[in-house]
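Please walk through part of this structure with me, starting from a pair of strands and ending at a helix.

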Amino acid sequence: MGTVTLGENMEIKEELIKKSCSMAMKAHKSPERQYLSKKIKSSSSEVVFSFAGSWSANDWFAGNSFGETTVDLQLFPSLKYIGLGVTATANEVFLKRFKSVLGNPQFKIEVRKAVADRRQVVFTGHSSGGAIAILATVWFLEEYNKQSSPLCLTFGSPLVGDRIINLALRRENWSRYFVNFVMRYDIVPRISLCPLSSIEQQLQQVLDYFDQNAQQPPHEAPAFYEIVVKNASSVANYAACKIMGSTNPLLETVSSFIELSPYRPLGTYVFCTGNGKLVVISNPDAVLQVLFYSSQLSTQEEEAKVTVAQTSLRDHLNYGNYLQEHLKMPIVTCLYHPHPEALSLSSNVANVDRGKVDMALNDLGLSERARLCLRAAEALEKQKLRNQATIDGKQEDIDKCLGKLEAYKIKCVHKVGYYDAFKSSDEKADFHANVERLELAGIWDEIIEMLKRYELPDEFEGRKVWIDLGTRYRRIVEPLDIANYYRHLKNEDTGPYLGKGRPSRYKCTQKWREHAEQLPNEVPGSCFWAEVEELCIKTGCQGTKENILHLKTKVDKWIQDGELGNDVLLENSTFMKLQKQHFLTNLSQDLAF
Amino acid sequence: MDSETSPFETSEVLATFLASTPLLSESWRLCNLANANSPQSFVAQQVGSIGYVAFSGIQLVSGSDPSFKNLVPLPVCDAAGNSLFDLLHRQNEGEDPVLVQGALLRIFENMYSNPSFRNQMCTLMQASKSIIFTGHSIGGTTASLAALWLLSYLQSNFANLSVLCITFGSPLLGNETLSRAILRERWGGKFCHVVSKYDIMPRMLFAPLDPIAPHIKPLLQFWHLYMNSPHFGLLAVQLNDESKAEIFQHVLVQLGRLVENGEEAVTGMFRPFGNYFFCSEEGAICVDNAASVIKMMHLLFAMGSPDCSIEDHIKYGDYVAKISSQFLEKKSFMQGELPESSYEAGVALALQSSGISSQEPVAKPAKDCLKAARRMGRTPNLNCANLAIKLSKINPYRAEIEWYKALCDRSDDQLGYYDTFKQREASKRDSRINLNRHKLARFWDNVINLIESNRLPHDFHRRGKWVNASQFYMLLVEPLDIAEYYRTRMHSRKGHYIDNGRERRYQIFDRWWHERNVEAGKNKRSKFASLTQDTCFWAKVEEARESLDAVSSTRDPSHLALLWRKIDSFASYAKELVESKQVSIDVVAKNSSYSLWVKDYDELKSQMMQFRPQFSSFINGEIVP
């Protein structure tokens, strides 16, 4: 039985691809059923679920210009940029259609059974059915992450969501489960790059053509093709300026005047050149460029445009035939992987290995300009790794500063605890602690800034060493920031610390830990002092006593978890004074220390 | 090469991006409309959420200055006294004033004083999220001036509206100071001048036009007729070949001389600003380095001929149509092997798009010119990341000053840190603080320098981290700068601090702080602020002290009245500040300059009440003749 090798560690059985493809096409025939499922007989290990697409324009776009909405974090808890709290967006209608599949109890039962039987679950779909398959796979990964690895095979799927989805999949190391087959000219994967308003008139005609599988593509085809490629050109060229590091301020001005699609590719793409070759690309920036450049015409003649425009529609229905014909002896080329050296720009290069890549790129119609963009996409990826190495180099500095502050904390136990000592700042040691605090803030703020600008590898937020360091940092230093905040009365300008006063370096590190350990999002122990300060301000108000009691119950747990040191219970600490003011101390607790 | 310089050439990719948007073709469509239907006027139209204002290229250029050599200062305010362009006037010492071509300015002023223009602007600004000014030929300079006016207006009014100016074949507008002022305000990215390969109009003002003055008027007439009705125009007038050749040669020679003489030659003359979008049959590139723009103008022009230099000015429609549809076609590089280096390859491709084939003799200098335009050094984001590291390194110096302030606040002499620092003698601690003050100033001056040379991200001054850090720095350290100013008696030489001694960085930080988008929900303070919120408070104290001291020696009653008005207004201002606790504790320290001033003020006032009750009216701030 043949397998198709798609890059390192990635082999898929030829039969599985064909089977999935034919099931994906078959699903269209019974749209009343939300999905089809089938065990592959000859090889006992997979169960394939395929989803039908839809040929109604209303099932492709809804609402605003690109029809996107933020995903439901209950359903997809991983689909976010963790530290900065950015939730991914995805096509609203696709989400809705997936949810209705999920609403079918039979679906969940069958999936559960497949997992219980230790079969590999494969989700597949053609056209917008592919989008449903992608969402189903993400849902499966959230649900059965540790138990079973799924596979998602799509054929001519539109784009589903923004860059955050792709980032999250890579962070969770799930990206490798997604494989998208795209015929060189297939228009559908590019449709999501246009605002609905620009294609409203032609979209339904085009979908009708797909539905009826008529001989002749509709006469709107050339106009439709032109609009889609034009929008793809805007998105790709804007992205190219970004990945090439353009610093011209005109770029930002112009982009604020137009709407650019938020959708980005995810997972691995397998482009079918049209003459039997498969080109595998898993860098999302590169995929975006190929989506645009491979749809360009080789001549400007009107006739060529009409032909290509018709091909762009016919190709969408051609996956079955193409794969049937060419999977037997596939010529697979992986961009980047076997060639660490730069991609060549022109097509006549002697080197045999590189020659193979070149041929494949030629078959995709990629010009010199396209190749430059692919180089830039790769260079950016490398730059991110270098940035990460720089940041990793700072772990030592962070560790040193944290060590000093931990020593400071221990030293202060002999008096009132480091929170109160720092807040009154009477001694030189307090001043030095402040310098350490500022130095750490500098390093962490830098990391946050880099995250904001997507300058670190997507995997960064999933790395245990940083999650742990972040937690240690938050626990020891945040109380000092709170002390500083209330010492300088910033609460009277900005409101309570927990409102707008809390720096994002703490919110971010807290979220990393919560995501890694699947904890609920709540006020952590490192913010304990902020609650105390607010209660001090409210001394005498109604309900304060109850709030103090409530806080006390949390303190024990925090001390147990290591979120808080037991120096908060020192005799003269602000917390104990607060309790005394409200006559809430009893002897047994005083003796606890 | 600096390893952190971007290894890619983006002048072409950026141009391709712009060409793939509808902005260029929409702008041209409206320019065309304005040329055909609204001579000497403009067309305003809303397309989607964008408001377009297109100025006609057919404008009456008043005859008094046929050679366009007359540069005049850009006005500060309009006839009604409203400020115009005020932000552009903040030039540095030793710089020429901002000058623009007089006749072109007059066209804008006429437009601006037209009530219909203002009404339509108001309507557009209310209905649109963004405004594009555009214009062909002389309409282009009007569009530039209108954009500068609106940008100044928006910035002083803290309004949020995107502005872009797209001109087609616009003549040059102003001098180098204007070009630099636009860079300094970070508006370079808001101007995109589309210039075709051979068009003589954008190049004309580089040459002194006196020798060819008699030819200019017929040339303009020819263009105007064509713009108004293309078919009729071509038949009606034809310029004779000799005068065409004369104009072409003159501009070519002068432009060549200018390029040869290099940078120095352009001072005091016209200077391009913003982005230049050079378009040809092959594509387009964007260049925003002024020196490279001038060189590219020359190199492209040198490949042209008298005829095409004049026809190209009216061919923008063709160019725009061509480059707006280029996205469809795969553009291959047919001129031999591309270099392997990404950067060199990018330059070769850009050259192709600018319409220079690699066989042309100008190919080599044009390549050099594009390379010179490349921004050397790190990308803005990297600069910004490095600044963040530097900030965390200098923060300890700031912390030390904070610590100094806290010690002063607790000290027995009850002077506060302002007066302690002002009266300091050679103590080690005070001189360390002074050193820190210098280090911090150096850091922040460098930040401003980086911004103004466009080496930081475009939204740097809106990033919370930097706005807050600069504000905190200013709150803490500016009082020390004031103390140093008055300690060294600079005020007796240069005048008072606020008007004559305040560093530019503080004015900039003030602007950043006020431009934040925050709701002004003021909470009442329960204790004194940790730092005085008015950073110039101490400078005001010093001025009030001078006025108070002057009272006893002044005999002139009208001057005396003036003094008292100043004194009283400060007294009530300061009182309010203290009562609302917007000052730090050091202001009200027993022996601070302010406390001493209040004491003297109260004394003087009670003396006056006692001995000269008729003067009580001064105290209430009224004038007694």
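In this predicted model, strands S8(B) and S9(B) make a hairpin, with two residues between them. S8 covers residues 275–280 of chain B, and its pairing with S9(B) is antiparallel, over five bridges. One of the pairs across the two strands joins Tyr276(B) to Val287(B), its bridge partner in S9(B).

S9 itself spans residues 283–287 of chain B and is mostly covered, with five of its five residues buried. Where do the residues of S9(B) point? Gly283(B), Ile285(B) and Val287(B) point one way, while Ala284(B) and Cys286(B) point the other way. In a regular strand, side chains alternate between the two faces of the sheet. In S9(B), the residues pointing either way are all buried.

Helix H10 of chain B runs from residue 241 to 261. Its 21 residues reach 30 Å from the first C-alpha to the last, close to the 30 Å expected at 1.5 Å a residue. Just after the helix, Gly262(B) has a positive phi of about 75 degrees.

The buried residues of H10(B) include Ile247(B), Phe248(B), Val251(B), Leu252(B), Leu255(B) and Leu258(B). Also among them are Ser243(B), Lys244(B), His250(B) and Gln254(B). Which helices do the buried residues of H10(B) pack against? In chain B these are H7 (201–204), H8 (213–228), H11 (290–302) and H12 (306–311).

Terms used:
Residues are numbered from 1 along each chain as its sequence is written. Chains are lettered from A and ligands numbered from 1 in the order in which they are written. This is a predicted model: local features need pLDDT of at least 70, side-chain atom pairs count only at pLDDT 80 or more; totals for chains, interfaces and linings use all residues. Side-chain values use heavy atoms; hydrogens and water are left out. Helices (H or I, at least four residues) and strands (E, at least two) are DSSP runs, numbered from the N terminus. The expected span of a helix is 1.5 Å times one less than its number of residues. Buried means under 20% relative accessible area, exposed over 50%, partly exposed in between (1.4 Å probe, protein chains only). Contact means heavy atoms within 4.5 Å. Two strands pair if DSSP finds at least two bridges between them.
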